[in-house]
Amino acid sequence: MTGAARVLLDTAVDGTDAMGQLGARLAAVLRAGDLVVLTGPLGAGKTTLTRGLGAALGARGQVSSPTFVLARTHPTSAGPDLVHVDAYRLSDPVELDDLDLDWDASIVVVEWGRGMVDGISDSVLDVEITRATGADVSGTTEADDPDDVPDEPRRVVVTATGPRWADVSL
């Protein structure tokens, strides 16, 4: 990545509905070739944010965590595909490259992507989500969506790096 990092947004998000609305707000500034990296602990709201983003883009199919399939491509109603990646199970960036994603023609959202996407683009939108209370989601099962439980405030910091984001505001 090149260029100085610039915080576009630092905000509190009150629950899952608000996280989805933030995803929609991000969707309004995204275009083909954009790379969004989502960072946060289990249950922070990464998939919930991506659902809101997908809904705003008119993505087809259910936007859910791609943990076991690694990547899902969602065609959209009037623009580039939304590619949703979960890098949690990947051990190094080479495995991400092996997924053969269409980085240039899609909007690519990578959960757990920090440190895995370096060199893919000179412009990255980094979204860090933290839970204020650090709620314990260890009792959830694979059938549960940990992004949906529990519903508590989160802090979201959106940082832009690179020339693509020089004149963008949220």
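Begin by selecting W112, which lies in the loop between β5 and β6 (124–131); helices (H or I, at least four residues) and strands (E, at least two) are DSSP runs, numbered from the N terminus. The phi angle of W112 is near 60 degrees, a positive value in a residue other than glycine. Is W112 buried or exposed, or does it fall in between? At 28% relative accessibility W112 counts as partly exposed, where buried means under 20% relative accessible area, exposed over 50%, and partly exposed in between (1.4 Å probe, protein chains only).

Before going further, note that this is a predicted model, in which local features need pLDDT of at least 70 and side-chain atom pairs count only at pLDDT 80 or more, while totals for chains, interfaces and linings use all residues. Residues are numbered from 1 along each chain as its sequence is written, and side-chain values use heavy atoms, with hydrogens and water left out.

Stay in the loop between β5 and β6 and select I120, which lies there too. I120 counts as partly exposed, at 33% relative accessibility. Its C-alpha atom is separated by 8.6 Å from that of L35, although I120 and L35 are 85 residues apart along the chain. Leaving aside its neighbours within four places in sequence, I120 is in contact (heavy atoms within 4.5 Å) with L35, L96 and W103.

Now select D100, in the loop between α3 (93–97) and β5 (107–111). Phi of D100 is near 55 degrees, again a positive value in a residue other than glycine. D100 is exposed, with a relative accessible area of 68%.

For the next stop, colour the protein chain by secondary structure. The chain comes to 3 helices and 7 strands, and read along the sequence these follow the pattern β-α-β-α-β-β-α-β-β-β. Of the 170 residues in the protein chain, 47% are buried.

L38 and V109 are 71 residues apart in sequence, yet their C-alpha atoms are 7.2 Å apart in space. Not counting residues up to four places away in sequence, L38 touches several residues, among them K46, L49, V109, W112 and V127.

Continue to the nonpolar cores, each of them a set of buried Ala, Val, Leu, Ile, Met, Phe, Trp, Tyr and Cys residues joined through side-chain atoms within 4.5 Å. The largest nonpolar core has 27 residues, and those with the most contacts inside it are L53, L125, V127, V156 and V158. The elements that give two or more residues to this core are β1 (6–13), α1 (16–27), β2 (35–39), α2 (46–57), β5, β6 and β7 (154–161), and α1 gives the most, with 4 residues. A second, separate core of 14 residues includes V37, V110, M116 and V117.

Select α1 on its own next. The buried residues of α1 are M19, G20, L22, G23, L26 and A27. They cover an arc of only 155 degrees around the axis, which puts them on the same side of α1; the arc is that of the directions from the helix axis to the C-beta atoms. These buried residues pack against β1, α2, β6 and β7, whereas the face of α1 turned away from its buried side carries the exposed residues D17 and Q21.

Then move to α2, which is mostly covered, since 9 of its 12 residues are buried. What covers the buried residues of α2 includes α1, β2, β4 (82–86), β5 and β6. Just after α2, select G58, which takes a positive phi of about 75 degrees.

Finish by selecting R164 and W165 together. The charged end of R164 sits over the ring of W165, 4.1 Å from its centre; a charge sits over a ring if NZ of Lys or CZ of Arg is within 6 Å of the ring centre and within 35 degrees of the ring normal.
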